[in-house]
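Dear colleague,

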Amino acid sequence: MRIGVLAGEASGDILGSRVLEALHKHYDEIIVEGIGGPLMEAQGLRSMFPMERLSVMGFVEPLKRLPELLRIRRSVFEHFRDNPPDLFLGIDSPDFNLRLERKLRDCGIRTAHLVSPSVWAWRQGRIRKIRKSVDLMLCLFPFELQVYRDNGVPAAFVGHPLADELPPRLDPVAARQALQLPAEGKLLALLPGSRSGEVSRLAPVLLGAARLLWQQNPGLAFVLPAANPDREQELRELLASQADLPLTLVAGRSREVMAAADAVLLASGTATLEAALVKRPMVVTYRMAALSWWLVTRLVKISFAALPNVLAGRSLVPELLQEAATPEAAAAAVAPLLSGAASGEQLQAFDQIHEQLRQGYGEKSALALKALAGGESAGHG
């Protein structure tokens, strides 16, 4: 079995390594070439370029790096065109991978893509590009399948690796001990996001809500994980004027922080899924620049922002977005969760989401790719 793979960032390296690990159980020998990180290299990948050269974010940086990115993509294409693998797997990074997948598919190489772009939410015109680019789309969420069925794209639901990794329950006492937090008393986790713009817009809202809740309940304490060293410095500057607030700033360890808390007040994003799988009741907030919000409201075609709500198909967790994201509104939404009066429905639904996403992601992905490499139909499963 010879497989080409390309992952452009650390999350893709994690996803890809688990698929490669499962594939090794099905084949006596696998040759893996392409681009990936240390986890995929540990599973036998020969990386043609450092993965970090593809890890660009925003709008300006990709434009500045465009000549190099195009050279890398052309080099990878020419390598696989001249040495065709049994299949090529692009992992996330759709702007980079879909074009490469289309060119390889035009050369007769079977192609798969892992992690569906958010065509169910916005830029639905991309489905035509996907149809021309891939023989199989591997979806992490079940609701994504219908979009591909409706548009004639073979797709398979493989589950989410986080649901396999996390147990049904995490012990809050053990989490508090690990973080050296008080074992007694109510604790609220605050997660304002991992990007500078998110922190600058949301941290004051979350801290304002924390102060209001503390005034109502002086025994309440707070814990805030900093996503990286830059955010830690940014948060320390913000917290300088909040010295009286009983708040612990933690470097990273957001999962343990959520597990230690009685409830979570956080920015919309992938952390909302982790909070659901950790089984902590939550309130979701988000604010963005005015122009970005104007564009989002015109482009996004779904009713919810938070993944738990999208997965549940209903308003399961409160969403406070843009002008609605105020300290007063956040405090009012969190208070019932801390008392336990409104958390039961959320927790029951989180159990159902966990069960739905626990599919044996690595093995299911490997079986779908094995079928594709063998010329079998692997879609719509």
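A residue is called buried at under 20% relative accessible area, exposed at over 50% and partly exposed in between, with a 1.4 Å probe and protein chains only. By that criterion, 49% of the 381 residues in the protein chain are buried. This is a predicted model, in which local features need pLDDT of at least 70 and side-chain atom pairs count only at pLDDT 80 or more, while totals for chains, interfaces and linings use all residues. Residues are numbered from 1 along each chain as its sequence is written, and side-chain values use heavy atoms, with hydrogens and water left out.

The protein chain holds 18 helices and 13 strands, taken as DSSP runs (helices H or I, at least four residues; strands E, at least two) and numbered from the N terminus.

Six strands form an open sheet in the order S10-S9-S8-S11-S12-S13, with parallel pairing; two strands pair if DSSP finds at least two bridges between them. Strands S10 (247-251) and S13 (319-321) stand at the edges with a single partner strand each, so one side of each has no neighbour in the sheet. From one strand to the next, the twist averages 20°, where axes are lines fitted to C-alpha atoms (for helices over the stretch in contact) and angles between N-to-C directions run from 0 to 180 degrees.

S12 (residues 282-286) and S13 run parallel and are joined by three bridges; Tyr286 has Leu321 in S13 as its bridge partner. Helix H10 (residues 196-216) packs on the sheet, touching S8, S9, S10, S11 and S12, with contact meaning heavy atoms within 4.5 Å. The direction of H10 makes about 165° with that of S8 (187-191).

Yours sincerely
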